[in-house]
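Trainee: I would like to learn how to read the features of a protein model, one at a time. Could we go through them together?

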Amino acid sequence: MVRSKTTILLFCSSLGLNLTAIIYAIFRGINRGDFGRYYKEGYFLTNVSTLHLLTISFLCLYLYSLRRKYIKATDDKKKGKPIFWLILCLGFLFLGIDEQFMIHEYIDIFTHNLVESIFNFQGNSITKRLDDIIVLFYFIFGVSMIIKYKEEIVSFNNANSYLKLGLILTLMMISIDIATSQSDLFSILFPIENVKYMIKLFGVIEDSIKLFALTFFCSWIGNCISIVKKKVFNQFETI
């Protein structure tokens, strides 16, 4: 796991912002009588995660331009596929818009209303998790892009520890989100009087994990940028 100045700066900035936001949200919520109050959609933690997603999108676009310049300036046979970073840029941009405007939640609401109006079906514990399943499909699509463009990923093996940690945390976040979406699973695991509290507690954990996952994604892109810059510098030195 390489630690360049860019990586350290992004990691520390992101982690510091996230820890500050999490601590502030919890303590302010406790003062209002609900520790999970500010973890709901539309509060400032949503803006923090949106900021991260848009920042990562911009960094991916910058990395794409660096990779294009490097490939044009060299005759390296292992050129990779820099288009991956442009796809990633658009993907994180969409996720930022989704986070801010709750696109997948509205898809869920629209689908349920449509099905109910046509078939008079009000849904069950599975269909009511549609918005969380959509997020799972986002994750699967992202992993499929990583597999498809693994030739490009291999060029940044020294930075991929950050990527792996980010993906693990993201999968944990999605799993908790699916579990807490309805009370059926928690009703099996916990006494009925504790279910509501435990769902709220795990909801806080889930959103906190999401922010830490974004920290590792930021660090991964920052590290990749440093690797490309180092290659460009070494290329000019050999000329």
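Trainee: Which helix gives the most residues to the nonpolar patch?

Mentor: That is α3, which gives the most to the patch, with 4 residues. This is a predicted model, in which local features need pLDDT of at least 70 and side-chain atom pairs count only at pLDDT 80 or more, while totals for chains, interfaces and linings use all residues. Residues are numbered from 1 along each chain as its sequence is written, and side-chain values use heavy atoms, with hydrogens and water left out.

Trainee: Which residues form the nonpolar patch on the surface?

Mentor: Leu54, Leu90, Leu93, Ile97 and Phe101 form it, with about 450 Å² of accessible area together, and Leu90 has its place in helix α3. Patch residues have over 30% relative accessible area and no salt bridge, and nonpolar side chains (Val, Leu, Ile, Met, Phe, Trp, Tyr) are joined within 5 Å, like charges within 9 Å. The areas come from the Shrake-Rupley method with a 1.4 Å probe, and for residues only the protein chains shown count as cover.

Trainee: How many helices and strands does the protein chain have?

Mentor: The protein chain has 9 helices and 0 strands, where helices (H or I, at least four residues) and strands (E, at least two) are DSSP runs numbered from the N terminus.

Trainee: At what angle do α2 and α3 pack?

Mentor: Two packed helices are described by the angle between their axes and the distance between the axes. Here helix α2 (residues 44-73) and helix α3 (residues 83-101) pack at about 165 degrees, with their axes 8 Å apart, and are therefore roughly antiparallel to each other. Angles under 35 degrees count as roughly parallel, over 145 as roughly antiparallel, 65 to 115 as roughly perpendicular and the rest as oblique; they run from 0 to 180 degrees between N-to-C directions, with axes fitted to C-alpha atoms, for helices over the stretch in contact.

Trainee: How many salt bridges does the structure hold?

Mentor: Side chains of opposite charge can pair when their charged atoms come close. The structure holds 6 salt bridges, each a side-chain nitrogen of Lys or Arg within 4 Å of a carboxyl oxygen of Asp or Glu. In one of them, the side chains of Asp34 and Lys200 meet at 3.1 Å, N to O. Asp34 lies in the loop between α1 (5-31) and α2, and Lys200 in helix α9 (residues 195-238), so the pair ties together parts that are 166 residues apart in sequence.
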